[in-house]
2 protein chains.
Amino acid sequence: MQGSSHDDVRRRNLSVILRLVHLGGAASRSRLTRLTGLNRSTIAALVAELADLGLVEERVPDATNQVGRPSPIVAVSDTFVAIAVNPEIDAVTVGIVGLDGTVRRRIRHPTAHSPSVAEAVEISAALIEGLRAELDPRFRMIGIGVAVPGLVRARDGLVRHAPHLGWVNEPLARLLHEATGYPVLAANDAGLGATAERYFGAGRGLTDLIYLNGGASGIGGGLIVGGQAAGGFDGYAGEFGHTRVSGSDRTDSAGLAGTLEAEVTRSELLEVLGLPGADADELERALLAADSPAVRAEVNRQQDFLAVALAGAINILNPQLVVLGGFLAALLAVDPDRLGAAVSTLTLRAPFEEVRLSAALLGSNLLMIGAAELAFDQLLADPAGSLAASA
Amino acid sequence: MQGSSHDDVRRRNLSVILRLVHLGGAASRSRLTRLTGLNRSTIAALVAELADLGLVEERVPDATNQVGRPSPIVAVSDTFVAIAVNPEIDAVTVGIVGLDGTVRRRIRHPTAHSPSVAEAVEISAALIEGLRAELDPRFRMIGIGVAVPGLVRARDGLVRHAPHLGWVNEPLARLLHEATGYPVLAANDAGLGATAERYFGAGRGLTDLIYLNGGASGIGGGLIVGGQAAGGFDGYAGEFGHTRVSGSDRTDSAGLAGTLEAEVTRSELLEVLGLPGADADELERALLAADSPAVRAEVNRQQDFLAVALAGAINILNPQLVVLGGFLAALLAVDPDRLGAAVSTLTLRAPFEEVRLSAALLGSNLLMIGAAELAFDQLLADPAGSLAASA
DNA sequence: CTGATTTGTTGAGGTTGGCAACGTATCATG
DNA sequence: CATGATACGTTGCCAACCTCAACAAATCAG
């Protein structure tokens, strides 16, 4: 219940404009005027301040075949970048992402074994140092966002539990900050995926969506509720994979029985297809090409369990969109109508009528973008303040 | 992405102060200064404006045994009231609720049969007219909030489906507005219960909680996510009752099989207790007094199914608190440790460690308060604007 | 080339919250 | 009971920010 003052107005207006060009791409000043409801002269002043800060650039107007004086185009500067980090079982990936949402550079550093926290920090810091060295000095690194496959406490970036990495109560954000000097924020990978798809992918502009991702080691998820990334109280929200969907005693990575993650697995799809391994695209192609009854039966089995979890979430959250990533997208692509029908039989009519199922769009850049968004958030919320403080 | 101007600052500050005294009760001006971070002189001006509007009153300071000049007490005026309406299978209840959250008056009008929409509107309008007639003219009715046992489309108050009442696609809010002339907002009853418990009950001050209510006709729920009442895209969120918790083919009121509402029922508790009927308190007393193995077995069975639904919600939403109302509160009270243990075995450790299970506190006033909150919302969001527009 | 249209630019104006100085009401102390 | 300390209300001035109106500039249509 904070009061607000003049400064907050300015702060908020700068933030709104920067977010508009960050999320929506370049826009003319007149367009910003319409979108924000602010006065022409105010927009001019705000854009000038953002330009002074180096955050945006004004370009000569496009030829639009419209009467009237052309309006300058405002675009985010390409000089502000964030570092995205994603530790996994078999690799640590580090990327550089621009404020315009483009992934400029991505390095995947394979590891012989699942890295410890110390190793992940060391590898990340080395990769970041390398990237920094090769980066033109006019670029400015804002901070680091880490996408962690596990439960991360939002307030301090403590990794509570990352089962596949074997990490428990590791102060990842603090360690990486100490190793690099940059501000570091960490969060659950699937939650960041939800944010990325919401801003730049299948859920552009939507306010209520859920995202489920199927990976080699399990199923994670994230949710956007009422326009906000919903992390829950500590940031652990989105664990759709541990929803109970059957009475069986097959257990998942957390030891819970009959859960979505226990029943719906990538490895079983690969097995029935006779593939030793495959990435998400290969798996989808193989599933679409296959016409054996065994494959069909396994797909149906997994779809039915997935439908239970999705239906529960739809009944509870009434989203506009369900985004499926990883092998769950393949499970959708094989027979979208069947999955939709299965969900239909388990949901109330009203929420079902409003929801769509969709595959994730961002592919391999998903987590880079999501993690960068985490790093950019403070800058976007208070452009002038963030830069003044760090200058 | 709206820009903001000076007016918004004022609007927001008035709103913040009114909400503080609305939710937190009377507060001294100096306390408001501390809570909002605003300047003393600003608080004085804002409180004066709210007092001019008749929304708050300043009282002489309490004796506080503190050095320094005493600070006047700011309290919400008792003259602003909202009307709360709650149609049910066997009655229509109408109440008057003050801006201070007190239920001033409540009339339950029993009906011989489940009322049609037209009947519910007619009864409500008549009750409201009666209440208005007996009300001192200095009181001011702000509007009407309706708590509906069913799915209500948030934006226009259309009742999409209220199974127990047999209503489908009924424009309740519009009809009641036409019958009374007051602004009318409608929403799902359990969602409003969640808001009420969050503001005035077991969840005071919390930002992430879920609420489940067990009634004679089923199980409803609501959620608060990140400090906001989460209605979902259309307002249908919170339907925990239709979460699948078993593989059985027992169906619920919506025809869905194996759901929480199908397995966890008030009627089965009454039956095993040998009671023909009972209100929530009587049921809880009877359950606590009973020690037959049959009762114990039924309680355990229902607790286990309830635990599945709660665990799923806890994994997905990471709430601070789970509030149980109606007979679900009784189910908790009989053996809280057992229910907690059952939930524990189905949840991830990190979110489980942060969550508490609690009974609802507001009892029979719950829906009156929740519905009134709906009616007050606009006034609280923009005190000066709301009153200027309606004057 | 002229008029219409749209938008940038500039300077004046109004509202609002912050701030500092001063006034006032209470408590503590002797 | 007088005095000082403390906390808070009150008052007047100030600065920040957005709006508005008038004017200028750039484009299209004819």
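A polar contact here is a pair of N or O atoms within 3.5 Å; within protein, one must be able to donate a hydrogen and the other to accept it, and residues adjacent in sequence count only if both atoms are side-chain atoms. By that rule B:Arg10 grips a phosphate oxygen of DNA strand C, with a polar side-chain atom at 2.3 Å. This is a predicted model, where local features need pLDDT of at least 70 and side-chain atom pairs pLDDT 80 or more, while totals for chains, interfaces and linings use all residues. Side-chain values use heavy atoms, without hydrogens and water, residues are numbered from 1 along each chain as written, and chains are lettered from A and ligands numbered from 1 in the order written.

**Chain A against chain B**
- Counting contact as heavy atoms within 4.5 Å, 55 residues of chain A touch 54 of chain B.
- About 4600 Å² is buried between the two, 61% of it from carbon and sulfur atoms; buried area is the accessible area (1.4 Å probe) lost on putting two parts together, summed over both.
- There are 2 salt bridges between the chains (a side-chain nitrogen of Lys or Arg within 4 Å of a carboxyl oxygen of Asp or Glu), including A:Arg160 to B:Glu353 at 3.2 Å, N to O.
- Helix 1 of chain A supplies the largest share of its side, 8 residues; helices (H or I, at least four residues) and strands (E, at least two) are DSSP runs numbered from the N terminus.

- A:Asn318 sits in the loop between helix 10 and strand 15 (321–326) of chain A.
- A:Asn318 counts as buried because its relative accessibility is 0%, and the cut-off for buried is under 20% relative accessible area (exposed is over 50%, partly exposed in between; 1.4 Å probe, protein chains only).
- The A:Asn318 side chain has a polar atom 2.8 Å from the backbone nitrogen of B:Asp234, and it also reaches the backbone nitrogen of B:Gly235 at 3.3 Å.

**DNA strand C**
- A polar backbone atom of A:Arg69 is 2.5 Å from a base oxygen, whereas the side chain of A:Ser30 puts an N or O atom 3.3 Å from a phosphate oxygen.
- Helix 1 of chain B gives the most to this surface, with 4 residues.
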